[in-house]
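Please read them with the structure open.

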Amino acid sequence: MGLKGKLISSVEVKCGGHLVHDIFHAKTHHISNISPSKVKSFEIHEGEAVDVGSIVEWTYNDDGKNKTSKQVIEAVDHETKTITWKVIGGDLLELYDSFTIITSCDHHWTTWTFLYVKKTEDTPEPLVLLAYALHVTKEIENHLLK
């Protein structure tokens, strides 16, 4: 078994992927209002928006416990509606040496890709986090369809 891993999952979004991308890129601070049981807060520590080089921090609820994820935005591609978020601090780095999240949105799909290196062979695959991301995506879709 290797320590490197890659998980990919896509979920259909009836509202259109471009609208989901818009939430992740330009209206990220609204996600804690859209999915308050999952996302507690979103802050931009460096930069003024979700742009390359910006440093952001999420506080999220994981099984009743507040956790954090500090990330640097490595890439934003408006044509492919893709954002690459590299984790640089927070709870995920207790289990993983590195963790990168890529969100991409097309016509009716949002795809999450996790690239990671586990600290040990016993470190679990981040399947719970992937399910969490898909749940938040569906909550964003429901919000946009209202």
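1. The chain exposes about 7800 Å², and carbon and sulfur atoms supply 52% of that area. Accessible areas come from the Shrake-Rupley method with a 1.4 Å probe, and for residues only the protein chains shown count as cover.

2. This is a predicted model, in which local features need pLDDT of at least 70 and side-chain atom pairs count only at pLDDT 80 or more, while totals for chains, interfaces and linings use all residues. Residues are numbered from 1 along each chain as its sequence is written, and side-chain values use heavy atoms, with hydrogens and water left out.

3. Three helices and seven strands make up the secondary structure of the chain, in the sequence order β-α-α-β-β-β-β-β-β-α. The radius of gyration is 14 Å, close to the 15 Å that the globule rule gives for 146 residues, so the chain is as compact as a globular protein of that length. That radius is taken over C-alpha atoms, and the globule rule is 2.2 Å times the number of residues to the power 0.38. Helices (H or I, at least four residues) and strands (E, at least two) are DSSP runs, numbered from the N terminus.

4. Along its principal axes, the C-alpha trace spans about 45 × 35 × 30 Å. Of the 146 residues, 44% are buried (under 20% relative accessible area; exposed is over 50%, partly exposed in between; 1.4 Å probe, protein chains only).

5. In helix α1 (residues 17-26), the buried residues are G17, V20, H21, I23, F24 and H25. Their packing partners are α2 (31-34), β4 (65-77), β5 (82-90), β6 (96-105), β7 (109-118) and α3 (127-145). Contact means heavy atoms within 4.5 Å.

6. Helix α3 has 19 residues and reaches 27 Å from its first C-alpha to its last, close to the 27 Å expected at 1.5 Å a residue; the expected span is 1.5 Å times one less than the number of residues. Buried residues in α3 include L130, A133, L134, T137 and E141.

7. T110 is in strand β7 and counts as buried because its relative accessibility is 0%. Not counting residues up to four places away in sequence, T110 touches S9, S10, V11, V13, V20, S104, C105 and T137.

8. T103, in strand β6, counts as buried at 1% relative accessibility. Leaving aside neighbours within four places in sequence, T103 is in contact with K81, T82, I83, W85, T111 and W112. T103 and H25 are 78 residues apart in sequence and 10 Å apart in space, C-alpha to C-alpha.
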